[in-house]
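Please open the model in your viewer and keep the selection panel at hand. The stops below are meant to be taken in order.

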Amino acid sequence: MIRPYENSDWNQVRTIYDLAKPDEMKGIAAADQITPLGQDGQMLRYFFESEIWVYEEDGEIFGYAGQKGEVISWLMVHPAHRRKGVGRQLMEYVLSTRDGLFRLNVTQLNQAAIALYEGLGFEVYEKFTGNMYGNPIPAQRMRLQKST
């Protein structure tokens, strides 16, 4: 079931981020360089500025997605629940919330995420080098124009 985030979801959502972020940054930043979500002021602000939805089964949150305006701001899946369609279902849900332009950023090394986004119709429109945890990050911006 996909539903809106509730404050009582915080511990599970925070844990998913803390487990998933090192995988996202693999090859870019060492796990010990990554600040836990609960201690990262910038990421916390971004999280709470976003509209968040969680994927839940039997009281356990498997993943979450977020949107801030036209930007897909979050997609995190618990490592134990990857390759089960959780990320795809979350993305399809977010894309069903409105028509128009959707944008997102993704590291160029995150091939699983890129394949998911391309499978949903997103296209790369810019490649750039970002910076996170003091490390250069090869990244790309993707977009999807959705209309009914």
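What follows is a tour by selection, from a pocket to helices, a hairpin and some single residues.

This is a predicted model, in which local features need pLDDT of at least 70 and side-chain atom pairs count only at pLDDT 80 or more, while totals for chains, interfaces and linings use all residues. Residues are numbered from 1 along each chain as its sequence is written, and side-chain values use heavy atoms, with hydrogens and water left out.

**The largest pocket**

Begin by selecting Glu24, Leu75, Asn105, Asn110 and Tyr117, which lie nearest the centre of the largest pocket among the 47 residues that line it. A pocket here is an open set of points on a 1 Å grid over the protein atoms alone, with protein on both sides within 12 Å along at least five of seven lines, and lining residues have an atom within 4 Å of a point. The space in this pocket is about 1,500 Å³, a volume being the space filled by probe spheres (1.4 Å probe) set on the points. Elements that give two or more residues to the lining include helix 1, helix 3 (86-96), strand 5 (100-107) and helix 4 (111-119), helices (H or I, at least four residues) and strands (E, at least two) being DSSP runs numbered from the N terminus. Strand 4 gives the most, with seven residues. By class, the lining divides into 25 nonpolar, eleven polar and eleven charged residues, where Asp, Glu, Lys and Arg count as charged, Ala, Val, Leu, Ile, Met, Phe, Trp, Tyr, Cys and Pro as nonpolar, and the others, Gly among them, as polar.

Next select Val86, Gly87, Leu90, Met91, Val94 and Leu95, the buried residues of helix 3; buried means under 20% relative accessible area, exposed over 50%, and partly exposed in between (1.4 Å probe, protein chains only). Seen down the axis of helix 3, these residues fall within an arc of 165°, so they line one face of the helix, the arc being that of the directions from the helix axis to the C-beta atoms.

Move on to helix 2, where the buried residues are Met43, Leu44 and Phe47. They cover an arc of only 100° around the axis, which puts them on the same side of helix 2, whereas Gln42 and Arg45 are exposed on the other side. The buried residues of helix 2 pack against helix 1, strand 2 (51-57), strand 3 (60-68), strand 4 and strand 6.

**The hairpin**

Now select strand 6 and strand 7, which run antiparallel and are joined by nine bridges; strands pair if DSSP finds at least two bridges between them. Thr129 stands opposite Pro138 in strand 7, and Tyr133 takes a positive phi near 55° in this hairpin, which has two residues between the strands. Glu126, in strand 6 (residues 123-132), is partly exposed at 34% relative accessible area. Leaving aside neighbours within four places in sequence, Glu126 is in contact (heavy atoms within 4.5 Å) with Ala139, Gln140 and Arg141.

**Loop residues**

Finish with Asp58, in the loop between strand 2 and strand 3, which is exposed at 87% relative accessible area and has a positive phi of about 50° although it is not a glycine.
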